[in-house]
Amino acid sequence: MAQHSRLSTAPPPSAPARESTRHLLLRAHIVLLLFSVFAHTAVFNLLGVDGAAVVLGVLLLGTLGLAIPRIALARPARFPWRRMPWTALGYTALALLSAFWSGWPWATLLTWTLQAAITVVALFIAFTLSWHEIVRALSSALKWVLGLSLLLELWVALVLRHPLLPFFSNLPAGKPDPHWYWVRGDLFDGGRVQGIVGNSNTLGILCAFALVVFALLYAQGARRRPALLIWIVLAAFFFLRAGSATAYASFAVGVLVLGAALLMRRARTPGARTRMYALFTAVAVAGAAAVWFARGVVFGALGKSSDLTGRLEIWRKVWERAVHRPVFGNGFSSPWVPWDPAFHDWIIDHRITVFMAHNMWLDVFLQLGVVGVLLIAVAFFAFAWRAWFFAVDRPRWDLVQDRPYAALSLLPTVLAGMLLVLGLAESTPIMLWGWLLLILLSFKMKISPFVGSGPGEGAPPQSRRQTA
């Protein structure tokens, strides 16, 4: 047994930094941050706009209070400025500059403040936590979303026994549009469920993310694996009951990307990799052609109409406004602010003002023009490119060539594929949790190029020097 003597000149033993109370509180704060971003609609439905703004402000101030001392005391002494995701940050800078020519300047400043806060949070998490801690924090936040979704759905179905409106408002005399409800109470009726986020599509894609995160943690050998299996079952249940065609398509592509990465890991020579890339290209082209020519059947199987449930009409109206200012756009606003005169009653769906274009590329074109589209395309291309090789290249920082792959290194490339598919039918990859994942994973891969390296990873000293 180790002993400590008062006569010894060595410092008294202390707990590892990862298990200190301060670090545990830091991780708890980050889990709360992630939950607040993933379930931002729940915060809004519970507290309203002002309450949600107060929550965001408090969390951001807490993050700055934790981040500034860590950056000042960081080892290596300098913060890795050169490894920041500069293209994505350039997009954020252009968004701020657009206030000078924006057709909705107050909406631009309001939503840019939200985007900047999300960016700061993502950079803070990437710099502070190791890869294992980031995945565990994502897992914990998604568990909170799933657990609270189950509790809320059970309460509405068994206790309240009628649909729940935001802010726990009383039901009006007339029957409102079902899209107004926070939770419809269809848990036992076979209908689509919304969970705590209040939207079936959002719940579906968060469940898809959760399935990926939980499965990779299980493959990595996480503790309490039987409990993790229970969470996987719950995530799969909500994923199916949400009935989101967008989530189904995104998850299917994520599974294909995962399979491709695992196959590529088995390629031992450059020639084998080349043949793999040729095979993947052929499969991708054939699959895209099959989906295009059989789109009527595919949309029908996914429960979508030929106009993609009204999306074509939304895209037409957005395009008509966007082409008037094609170079630098009409001004940043992600999401659209529904009470701003420029957006209020512009595009209405189920008597609700639409707050995004339901296509991230068209949304960027509307807001920041061709310049914005180029910046966001480079940002996502760089993210996907780095994520792919992060997954398929064997970790190596010295002469050892046969280190085992880490299951967690597959996470960025799978999420990159899912976000890109999601961006074809939603604008969420360029806002809120989509933007957080882009910044977080891009920055983390640059400062920690493999699982177990970089700041906070506990890597060998030579690895720290290479990745600093």
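A salt bridge here is a side-chain nitrogen of Lys or Arg within 4 Å of a carboxyl oxygen of Asp or Glu. Helices are DSSP runs of at least four residues, numbered from the N terminus. The model is predicted.

Start in helix H11. Arg316 and Glu320 join their side chains in a salt bridge, 2.6 Å from N to O. The two residues are four apart in H11, so about one helical turn separates them. Arg316 is partly exposed, at a relative accessible area of 38%. Glu320 is partly exposed too, at 40%.

Helix H11 spans residues 311-322, and Arg311 belongs to it. Arg311 makes a salt bridge with Glu426, with 2.5 Å between the closest N and O atoms. Glu426 sits in the loop between H13 and H14, so this bridge links distant parts of the chain, 115 residues apart. Both partners are buried.

Another salt bridge joins Asp393 and Arg273, at 3.0 Å from N to O. Asp393 is in the loop between helix H12 (360-392) and helix H13 (411-422), while Arg273 is in helix H9 (residues 270-293). The pair therefore ties together parts that are 120 residues apart in sequence. How accessible is Asp393, and how accessible is Arg273? Asp393 has 34% relative accessibility and counts as partly exposed. Arg273, at 19%, is buried; the cut-off for buried is under 20%. The count of salt bridges comes to four.

Now turn to helix packing. Two packed helices are described by the angle between their axes and the distance between the axes. Take helix H5 (residues 131-160) and helix H14 (residues 432-447). Their axes come within 12 Å and cross at roughly 165 degrees. Angles over 145 degrees count as roughly antiparallel. H5 and H14 are therefore roughly antiparallel to each other. The crossing of H5 past H14 is left-handed. H5 contributes Trp131, Ile134 and Leu138 to the contact, and H14 contributes Leu437, Leu440, Leu441, Lys444 and Met445. By class, the contact of H5 with H14 holds seven nonpolar residues, no polar ones and one charged.

Helix H3 (residues 86-97) packs with helix H4 (residues 105-128). The angle is about 160 degrees, and the axes lie 10 Å apart. H3 and H4 are therefore roughly antiparallel to each other. H3 also passes H4 in a left-handed crossing. From H3 come Leu89, Tyr91, Thr92, Ala95 and Leu96; they meet Thr108, Leu109, Trp112, Gln115 and Thr119 of H4. What classes of residue make up the contact of H3 with H4? Six are nonpolar, four are polar and none is charged.

Finish at Asp186. Asp186 lies in the loop between H5 and helix H6 (200-220). In sequence, Asp186 and Ala157 are 29 residues apart; in space, their C-alpha atoms are 6.9 Å apart. Which residues does Asp186 contact, leaving aside its neighbours within four places in sequence? They are Glu153, Gly191, Arg192, Val193 and Arg241.

Key
Residues are numbered from 1 along each chain as its sequence is written. This is a predicted model: local features need pLDDT of at least 70, side-chain atom pairs count only at pLDDT 80 or more; totals for chains, interfaces and linings use all residues. Side-chain values use heavy atoms; hydrogens and water are left out. Axes are lines fitted to C-alpha atoms, for helices over the stretch in contact, and angles run from 0 to 180 degrees between N-to-C directions. Angles under 35 degrees count as roughly parallel, over 145 as roughly antiparallel, 65 to 115 as roughly perpendicular and the rest as oblique. A crossing is left-handed if the near helix is turned anticlockwise from the far one by less than a right angle, and right-handed if clockwise. Contact means heavy atoms within 4.5 Å. Ala, Val, Leu, Ile, Met, Phe, Trp, Tyr, Cys and Pro count as nonpolar, Asp, Glu, Lys and Arg as charged, and the others, Gly among them, as polar. Buried means under 20% relative accessible area, exposed over 50%, partly exposed in between (1.4 Å probe, protein chains only).
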